[in-house]
Amino acid sequence: MVGAGRLRGVSDQRVVALLGVGVVPADTPILRADDLGALRGDGIFESMHVRSGRAWLLDEHLGRMAQSAARMDLALPARDRLVELAGQVLAHWPTDVEGALRLVCTRGLEDAGGAVTVFATASAVGEGLKQARRDGIAVVTASLGFPAELRRSAPWLLGGAKTLSYAVNMASQRWAQSVGADDVLWVSADGYGLEAPTSTLVWLDDSTLCTVPVNRTGILAGTTARWLLDHAESLGWTTAERMITPTGLTRTSGAWLTSSIRGVAAVRTLDGAEMPFSAEHTGRIRDLLGFA
Ligand code: PLP
């Protein structure tokens, strides 16, 4: 860990690094105004949790980023260059501060012959996210308007790719807040719960921890949910991938939204109705995932 200092790229717990350059002062302009990432949201990113100065599940995030790049025909730089970039940021991040590391790759300039723009940032985890881990969240459903399995046969919808085009995701969360909730569960036109704008749905059915199948639905393959299901045996649970409706969720033993930075947030209400909730289950999941 290097001490704070603007010249070394650290300012107010924010670190920025550019591929091929390294850490730069955090207020350095990185993108040109005509970068396609800025003009069209044409690019991909990953967000991962920084704990004890290390990026949790870095390998999994880099694997997903490579898949996103393949789906987007984007020339993502080699893995070792991205690892080096992440390491440059982490070397400047205080080991005792919980952080969010983002890796971003945009399509770059229209006439640049495929030369991408790649940078990384680190910032502190906000208090609101920590509170959601402790207290849970109110969730409302919102329709995406297409059937659950449409994205299987519609590659142009970029199912499973973590693109920079998050305007709809952010609008969904703003809408939730405007109706007094904290987050949204996106629902397909045929009535199945899919995922949330920045997190994965998991639920407990008796002693089976379930999540929504990625391949059938084109939702993002959540790294947190995958890791949780892969380790659920240590909590005495089996696992399954299933489809479920919002009404079905109210009949489970509890539901959670999982994601890299917020970790796990219990769904306390769904469309205003109380959800089954266990503080014990929530605490055990949070501990297993290693979130404070
Ligand atoms: N679904 C969407 C649409 C997301 O943006 C995210 C966050 O990255 C997730 C699910 C959860 O994925 P992860 O656990 O890898 O953060």
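Predicted model: local features only at pLDDT ≥ 70, side-chain atom pairs only at ≥ 80, totals over all residues.
**View 1. Helix H7 crosses helix H9.** Two packed helices are described by the angle between their axes and the distance between the axes. Here the axes of helix H7 (residues 223-230) and helix H9 (residues 279-289) come within 10 Å and cross at roughly 105°. Angles of 65 to 115 degrees count as roughly perpendicular, and H7 and H9 are therefore roughly perpendicular to each other. On the H7 side, the contact is made by Thr224, Trp227 and Leu228. On the H9 side, Ile285, Leu288 and Leu289 take part. Of the residues in this contact, 5 are nonpolar, 1 is polar and none is charged.

**View 2. The largest cavity and its lining.** Searching the whole structure gives 1 cavity of 30 Å³ or more. The volume of the largest cavity is about 30 Å³. Its lining consists of Val139, Leu185, Leu201, Leu249, Ala255, Leu257, Val267 and Leu270. The lining has 8 nonpolar residues, with no polar and no charged ones.

View 3. Helix H2 (58-72), helix H6 (214-217) and H7 each contribute at least two lining residues. H7 gives the largest share, 6 residues. By class, the lining of the second largest pocket has 10 nonpolar, 9 polar and 8 charged residues. The pocket lies between domain 1 (14-125) and domain 2 (129-289), because both give residues to its lining.

Technical notes: Residues numbered from 1 in each chain as written. Heavy atoms only, no water. Axes fitted to C-alpha atoms, helices over the stretch in contact; angles between N-to-C directions. Helix = DSSP H or I, 4+ residues; strand = E, 2+ residues; numbered from the N terminus. Parallel < 35°, antiparallel > 145°, perpendicular 65-115°, else oblique. Contact = heavy atoms within 4.5 Å. Nonpolar A, V, L, I, M, F, W, Y, C, P; charged D, E, K, R; others polar. 1 Å grid on protein atoms, 1.4 Å probe; cavity = no way out; pocket = protein on both sides within 12 Å on 5 of 7 lines; lining within 4 Å. Points joined across faces, edges and corners; volume = space filled by probe spheres on them. Domains from an automatic or database assignment.
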